[in-house]
Each structure stands twice: as C-alpha cells, then as structure tokens.
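Good morning. Please have the structure open while I speak.

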There are 2 protein chains.
Amino acid sequence: MTTDKSTEKDVTLVGAGLAGCLLATLLGRRGYQVTVLERRSDPRLAGAERGRSINLALSARGLDALERVGLREDALAAALPMRGRMVHPLGASPNFQSYSADGTRAINSISRSGLNEALLETAEKTPGVTVLFESRVEAVDLDRGIVTVARPDGVQERAASIVLACDGAYSATRRAVQFREGANYAQDFLEHGYKELTIPARDGDFAVDPGALHIWARGGSMMIALPNLDKSFTCTLFWPKEGPGGLASLTTPEAVRAHFQREYPDVVDLMPTLVEDYLINPVGSLVTVRAWPWTAHGARASVALVGDAAHAIVPFYGQGANCAFEDAIEIDALLEKHDGDWSRVLPAYEAARKPNTDAIAEMALQNFVEMRDLVNSRVHRTKNTIVHALERWLPSLVVSRYELVSFSTVPYAEVLRRSRLQSRVLSGAAAAGVVGVVGAAVKVLRRR
Amino acid sequence: MTTDKSTEKDVTLVGAGLAGCLLATLLGRRGYQVTVLERRSDPRLAGAERGRSINLALSARGLDALERVGLREDALAAALPMRGRMVHPLGASPNFQSYSADGTRAINSISRSGLNEALLETAEKTPGVTVLFESRVEAVDLDRGIVTVARPDGVQERAASIVLACDGAYSATRRAVQFREGANYAQDFLEHGYKELTIPARDGDFAVDPGALHIWARGGSMMIALPNLDKSFTCTLFWPKEGPGGLASLTTPEAVRAHFQREYPDVVDLMPTLVEDYLINPVGSLVTVRAWPWTAHGARASVALVGDAAHAIVPFYGQGANCAFEDAIEIDALLEKHDGDWSRVLPAYEAARKPNTDAIAEMALQNFVEMRDLVNSRVHRTKNTIVHALERWLPSLVVSRYELVSFSTVPYAEVLRRSRLQSRVLSGAAAAGVVGVVGAAVKVLRRR
C-alpha cells in the first residue's frame with residue numbers, strides 16, 4: 001500500500017452482487033488490486049434463496065454496462081425480450097400495451113442469479129481481482145485504515161485505504177458513513193411488501209405470452225409476471241403487508257385459493273403450487289434509501305457507497321440493477337478522467353450520480369401508482385396510444401418517460417426534467433383548449 | 001424477572017439525561033425497579049463539556065412535567081424569565097417583542113447541566129431507581145432479552161425485558177429498532193451548525209437586558225443570547241458550517257474580530273474572550289431525527305424510543321427538552337391507564353406521541369426561518385403587534401402559535417392545526433378585502 005491514498009491501487013470492495021462484480025472487473029482491467037469481500041458463500045456452490053427476486057428486467061443502461069465487460073450478448077442470449085405490458089383486467093380480456101412507439105423495443109427478463117454468476121466469473125477471471133466469500137464486514141475504521149472482517153476461521157483486521165461499499169440496501173459498510181455527524185440518511189419502507197409465486201411451463205410451453213411483462217392491476221395492489229428461460233413465469237405480488245387483502249391476511253389454503261379465484265381468475269389454474277408457494281415463501285420489503293454524502297474520509301481510508309448501498313429504490317421501474325451499473329461506469333470513467341486520483345474521483349462520483357439516483361428513486365415510486373392504476377386500463381390504453389402517436393409524429397419533441405428510462409442512457413435527472421416539462425406542456429395545451437381565456441387568467445394569477 | 005414481559009416490573013432505561021431521569025423517577029414512584037445505564041461518568045464529578053448547549057428555555061410543558069416530580073419551584077428559582085425577544089438589527093437600536101399578548105408570560109432560561117443534576121438527584125433518591133455511570137450500551141438483543149453493556153471493568157450481558165431508550169439524538173439503542181426490516185428512519189442535518197460564545201457579567205451586572213431572549217438576525221445566519229444566573233449570557237451562533245460567512249470561514253483572530261465588528265457591532269466589545277471562544281469551541285450539528293415505529297419487540301424483550309432518540313428536533317422553538325418530558329409523562333399516564341400492561345402501553349405511547357413530535361419538528365424548522373428573518377424586524381414587529389392585538393380582542397379565537405407552543409400544554413399537532421387554520425383565515429380575509437370578487441373567484445377555481 002502506498003502512503004498517499006489518493007492514487008492508491010489497492011481497493012477493498014464489499015459485496016459480490018451485480019454492481020460489485022461489474023465494478024471489480026472494471027477496476028481490475030485498470031490495473032487495480034481488488035479484494036472483494038462477500039458475506040454469503042459462493043452462489044455457484046450454494047443454492048438460490050427461496051422466493052427472493054428471481055429475475056429482473058435488463059434495459060438499455062444495463063446492456064450498455066455489460067457491453068463494456070463483454071457480457072452483453074451472453075446476457076441477451078439468456079434473456080427473454082418483453083416488448084410491452086400485458087394488462088389483465090378483472091373480468092375482461094388481457095390487452096397489450098407496447099413499451100415503445102415503434103413496438104420493437106424490449107426490456108429483457110433475465111435470471112438475477114444467472115447474471116450475477118456470469119459477472120462473478122468475469123470478475124474472478126480478471127487479473128488483480130480476488131473474491132473472498134463468507135467474509136462479513138463488521139466495521140470500517142477510516143482513521144486506522146482497517147476493515148474488520150468476520151470469516152469462518154475467525155475475525156481479521158485487514159488494511160484498507162479505499163473501500164467501495166457495494167453491499168446493498170442493508171449495507172453494513174454504510175454505517176461508516178451514516179453515523180458521522182452531518183451525514184443525512186433516510187430509509188423509507190412502503191406499506192406494501194412482495195411475495196414470489198410461479199406459473200410453471202404448461203405442456204412444454206409458456207402458459208401465457210412470454211413477450212410481455214404481465215400485470216394484474218387491482219388498484220391498491222397488483223401482481224406482475226416475468227418469463228424465465230425454462231418457460232415458467234415468476235409472479236410477484238405487491239400487496240399491502242397488513243390489513244384486509246394484505247399479505248398477512250391469507251393464512252389458510254382455502255383463503256389463498258378463494259382470494260386468487262376472485263382476484264386473479266384467469267391465472268389461478270395456471271399456478272398448481274400456488275397455495276404452497278404463498279404460505280411458505282417469505283415476504284420481502286420495499287425500501288427507498290437516501291444518503292448524503294456517499295463518501296467519508298478518515299486519516300487513512302476513504303469509503304464510498306455504490307449502488308443500492310447509496311440509493312436503494314423500489315423495483316417498479318425495473319431500474320435497480322441498471323442504475324447500480326451506471327454508478328460503476330461513472331467511477332470507471334472518472335478514474336480515467338482524473339488519472340486515478342481518488343481524492344478527485346470520489347467527490348466527482350457522488351456529485352455526478354446523486355441527482356440521477358434521486359430522480360430514478362422518485363420515478364420508481366411514481367410508477368408503482370401508475371402500474372396499480374392500470375386497473376383502469378381503458379383510460380390508460382388511450383393515453384398510451386396518444387403518447388405513442390405523438391412520438392411518431394414529433395419524434396424530436398416527444399419521447400415517453402418510459403422510453404427514456406428504459407431505452408436510452410439519458411441521465412435519469414434529465415429524463416425527469418424532460419418528462420415533467422413535456423407533461424406540463426401537454427396538459428397546459430389541453431387546459432388552454434378547454435377553459436380558454438379563464439384558464440390563462442388563472443395561470444397568470446397563480447404565478448403571482 | 002417475570003416470564004410474561006407484559007407486566008414486567010424491571011425496566012432498563014438507557015441514558016441519564018433530562019428525559020431519562022424524569023422517566024426513571026416517574027417509574028420508580030410507580031414501584032418499578034429501574035436500572036439507568038449512562039454512557040458518561042457522573043456529571044457531578046466530571047466537569048461540563050466545553051461549549052455544548054449550556055442553557056435551554058424551559059416553558060409550560062417542561063414546568064408541568066417538573067411539577068409532577070416536585071422540581072418546578074426549584075427550577076424556576078434557578079431560571080431567568082424571558083418575556084420576549086430583543087431583536088438587534090444591524091445599524092439600528094434593539095427592539096423588544098413580547099411573547100404573549102399581555103406581556104407577562106415568560107420562557108425560562110436555565111442551565112442544562114444544573115437541571116440535569118437536579119433531575120438526576122431526584123431519580124437517585126427514588127426507591128427502586130439505580131443509576132450506573134460509565135455504562136455504554138453496545139447492543140440490544142430483543143430475542144434473547146439481553147443488553148450488552150461496556151463498563152470500565154469489562155463488557156457485561158444484562159437481562160432486560162423492557163428497554164427504554166432515552167439516549168439522545170445519536171442513540172445507540174435506537175439501532176435495535178432502526179435496523180429491523182420495515183423500520184422507517186431519517187436523520188437530516190441542517191447546513192447550519194452552532195457554536196457557543198459568552199458575554200460575561202459587566203461591573204457585576206448583566207451586560208444587556210436579562211429579561212429577553214436576544215436575537216441578532218442576519219438573514220442567512222443569526223446569533224442568540226440567553227441569560228445565566230451568574231449574570232453572563234451564553235450566545236449561540238447559528239451559521240452555515242461551510243462557505244463564505246460560514247463557521248469554518250473564520251480561521252484567524254483578525255478575521256474573527258473583523259467579522260464580529262461588522263456583523264455584531266453592538267456586542268463585540270461585550271465579549272472579551274470572543275476570539276478564544278470562537279477558535280476553540282466546537283461546532284455542533286443540528287439534526288432532525290424521524291423514526292417509525294418507535295418500538296420493537298422480540299421474543300424476550302421490547303424496546304421503545306423516548307425523547308431525542310425518537311424525534312430529535314432543531315432547537316429553534318426551545319422545545320427539545322419540553323417535548324421529551326411530554327413523552328415521559330405520556331408513558332407514566334398510560335401505565336396508569338393500562339394497569340402496567342406494557343403490551344398496551346408501548347403501542348399507545350408511540351401512537352399518541354408521533355403526530356405531536358412530527359408537528360413540533362416541523363414548527364421548529366419553520367421557526368429557524370422566522371427567527372433569521374427578524375432581520376426585517378419592522379415588518380415582523382408590525383405583524384407581532386397585530387396578532388397580539390387580535391389576541392386581546394378575540395382571545396377565544398386567536399392565540400399565536402408561539403403562545404400555544406410555549407405557554408400551553410395543548411398537543412403540538414393541535415397547535416399546528418389551529419395555527420395553520422388561523423393563518424389561512426386571516427390571510428384569506430385580507431385577500432378578500434384586497435382583491436374582492438376576483439380573489440374569491442380564483443379561490444373557487446383553485447379548489448377544482
């Protein structure tokens with residue numbers, strides 16, 4: 001280790017999840033010695049946890065990131081394209097709503113564990129990268145430059161001067177940042193939790209259309225389904241945790257079956273293990289994490305939060321992993337720009353990313369409301385049709401928020417700004433048409 | 001310890017600060033065995049920390065609480081009444097603004113350490129209460145019913161089934177609540193920090209009027225001063241921590257002196273130790289803490305947050321201690337109401353207090369802006385005069401927010417509701433008078 005940490009080439013990276021493995025690979029390629037400390041055992045040896053976020057939607061930002069480490073084509077080959085939403089109203093036929101104006105663009109359903117393993121293998125193959133499993137970070141002492149790690153053979157103190165915390169929404173490493181005076185921090189849980197169910201393959205084929213993300217919108221709650229390579233679907237319930245109709249309210253096989261017969265009649269017969277899955281699978285929580293700053297500096301070490309550790313978001317825009325990958329890309333780009341000077345890279349990283357992660361956090365929360373409201377799918381379908389028509393007519397002016405988030409790498413903050421402006425202009429124009437002079441007068445008055 | 005924790009009579013209370021000592025006394029009087037674990041050494045043996053929150057403003061809620069443990073009169077005897085604000089504009093004479101319509105009501109400047117010691121002695125004298133100093137809580141295990149405590153003679157595990165966390169804004173015990181899935185938590189720091197200075201007695205008397213809280217409002221920043229029994233004043237700067245004019249920007253004796261000569265010319269000569277105090281005294285942080293729930297329950301123990309640990313607020317309404325005392329009073333009242341059944345007391349406690357502590361947190365933040373804006377003191381004085389006149393004419397309808405907060409025990413949430421309604425009605429009436437029909441029309445339109 002050099003005494004000047006600003007151009008330190010040894011990096012301690014916490015967490016071998018999606019973002020951690022990508023970042024380790026990018027750093028290894030730049031000649032850094034990267035030690036990845038992962039709390040869990042090697043996922044290639046252990047099995048997956050039951051009912052925990054089985055697949056995710058990979059979109060433009062994620063694919064762009066994977067391309068940089070040569071994994072884009074492999075990922076696409078292991079993924080199923082979803083070109084739109086299939087909305088399943090209660091008591092009516094499903095209807096398809098394209099994600100893009102031209103109907104060709106798709107988000108990609110991919111196995112989280114499969115993608116993680118591919119990234120892990122890529123990281124481990126990269127010279128300079130070492131992954132240590134069953135290595136739980138207990139404490140980070142920035143003044144001593146020490147990371148305390150619990151391993152099966154005992155507790156170790158490891159020297160560290162640059163610590164990158166990629167250890168997720170419940171980051172232990174974050175405490176090194178969070179408990180400093182002046183560190184803002186918030187964790188906000190939704191009243192809704194999630195639970196995963198399965199629609200298995202039927203007669204050797206997908207039981208419903210695999211080219212769409214399926215949504216059963218029921219106002220206060222919803223179910224979605226994403227296709228898997230084995231022709232099954234993973235369904236996720238997003239229901240209130242407590243109260244009537246909540247996840248905790250169904251406690252017997254009869255109650256589960258009756259509820260699904262009533263609320264999801266078109267798929268209940270496609271779910272032979274419904275009752276078992278429902279009663280056994282865990283309830284997950286949906287948390288938004290906001291922290292600022294993302295970095296902390298002591299006499300001998302600095303730490304930076306990356307991905308969910310800095311900005312966990314709810315999953316309703318399918319952007320959690322895509323967004324975390326962008327953090328890694330940003331750090332990589334800044335190391336290039338600032339000649340590996342961490343004292344410039346880390347502040348520039350947090351300043352560049354924070355407005356964007358705030359924006360996607362907000363849009364993800366908003367999209368939950370929008371998705372649940374698809375219950376009123378006729379109105380939504382009309383709106384979707386109108387927006388897509390406008391996009392085709394005025395492609396340089398109108399692009400839907402969904403397309404900018406999912407099919408572009410335009411920074412999220414810019415997407416939020418553009419889509420807000422666009423909707424103000426569109427509804428302003430509509431209002432002017434309807435209320436005419438009165439509307440305009442009110443607007444002027446309001447500005448005062 | 002009983003096996004049923006719902007009527008447990010052994011209580012572990014963390015923190016021997018103001019709220020902790022009050023609550024320990026109230027519990028002791030009910031026959032509980034209370035062990036108070038305090039991180040610091042006995043304040044009666046150690047000296048006070050330099051430049052850390054020397055005095056506070058005790059108002060109706062605090063006095064009401066102290067009365068219940070027989071300390072009201074002692075506290076008033078050791079306090080100095082402040083009947084209003086003395087506003088010191090730059091380049092004009094100070095002007096006095098009464099806190100109450102009749103000019104007689106006062107908030108009371110009292111030494112924090114003196115008040116704490118009186119409460120501590122009252123607690124220790126109460127049968128059943130034991131205070132252990134130098135006892136730092138390291139962990140709370142709710143399933144095992146164990147509190148891990150670091151003491152000078154080593155680390156102990158203590159059995160505990162009811163844990164009351166009165167350990168302040170930076171509560172260590174709070175982690176037992178905060179890191180549970182579904183627990184919302186936020187800590188928000190102001191850009192402003194604080195630093196304490198002194199105006200000593202002058203020729204054996206107060207150097208400025210001791211009957212007021214002095215405010216030097218300077219827009220983006222301010223200084224206040226509260227009188228002490230020894231005829232000195234403790235001044236507190238509330239300035240941005242960084243940037244031009246920030247606390248970190250003055251680093252030499254010359255810079256300090258020049259800045260105060262320019263910004264606080266009427267008192268700079270009253271502060272002989274200004275330069276030393278400024279350069280040596282620490283900068284404090286101003287944090288708002290929001291948590292929900294305030295309680296957590298394991299197989300063998302429950303924990304509840306009390307006072308700043310649950311809801312630290314900024315000091316601009318002088319309500320931090322007053323509000324924390326109300327928490328203790330609420331718990332005491334609920335133990336009476338629910339026959340000591342903690343399984344009913346704790347949920348009722350958090351449900352009753354949360355709306356009120358949210359309300360005072362919001363009002364305290366708003367009051368910072370209001371106090372700094374006293375820079376425009378002529379406008380404010382006029383407003384103050386009008387509100388007080390209205391109060392005298394229509395006492396049953398109009399009571400200022402300040403009076404309800406400081407001179408009543410009306411729940412804070414009710415104060416916020418009433419004062420909002422009142423200001424809407426007053427400004428609505430004013431608007432109607434000025435803009436007449438147009439104003440009314442706009443209002444109707446806005447409602448749509």
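**Aromatic pairs**

Over all chains, a search of the whole structure finds 33 aromatic pairs. Please keep in mind that this is a predicted model. A pair of aromatic rings is described by the distance of the centres and the angle of the planes.

I start with A:Tyr317 and A:Tyr402. Their ring centres are 5.5 Å apart and their planes are at 25°, so this pair is stacked, the cut-off being under 30 degrees. Where do A:Tyr317 and A:Tyr402 lie in chain A? A:Tyr317 is in the loop between helix H8 (308-311) and helix H9 (320-337), while A:Tyr402 is in helix H12 (residues 401-407), so the pair ties together parts that are 85 residues apart in sequence. Are A:Tyr317 and A:Tyr402 buried or exposed? Both are buried.

Next, a pair in chain B. The rings of B:Phe238 and B:Phe316 have centres 4.8 Å apart and planes at 70°, so they count as edge-to-face, for which the angle must be over 60 degrees. This pair, too, links distant parts of its chain. B:Phe238 belongs to strand S16 (residues 233-240), and B:Phe316 to the loop between helix H8 (308-311) and helix H9 (320-337), 78 residues apart. B:Phe238 and B:Phe316 are both buried.

Back to chain A. A:Tyr317 and A:Tyr402 are also part of a cluster, which ring pairs form together with A:Tyr99 and A:Phe407.

Last, the charges. In chain A, the ring of A:Tyr32 has the charged end of A:Lys9 over it, 4.0 Å from the ring centre. In chain B, B:Arg61 lies over the face of B:Tyr412, with 4.1 Å to the ring centre.

Key
Residues are numbered from 1 along each chain as its sequence is written. Chains are lettered from A and ligands numbered from 1 in the order in which they are written. This is a predicted model: local features need pLDDT of at least 70, side-chain atom pairs count only at pLDDT 80 or more; totals for chains, interfaces and linings use all residues. Side-chain values use heavy atoms; hydrogens and water are left out. Rings of Phe, Tyr and Trp (its six-membered ring) pair if their centres lie within 6.5 Å; planes under 30 degrees apart count as stacked, over 60 as edge-to-face and the rest as tilted. Helices (H or I, at least four residues) and strands (E, at least two) are DSSP runs, numbered from the N terminus. Buried means under 20% relative accessible area, exposed over 50%, partly exposed in between (1.4 Å probe, protein chains only). A charge sits over a ring if NZ of Lys or CZ of Arg is within 6 Å of the ring centre and within 35 degrees of the ring normal.
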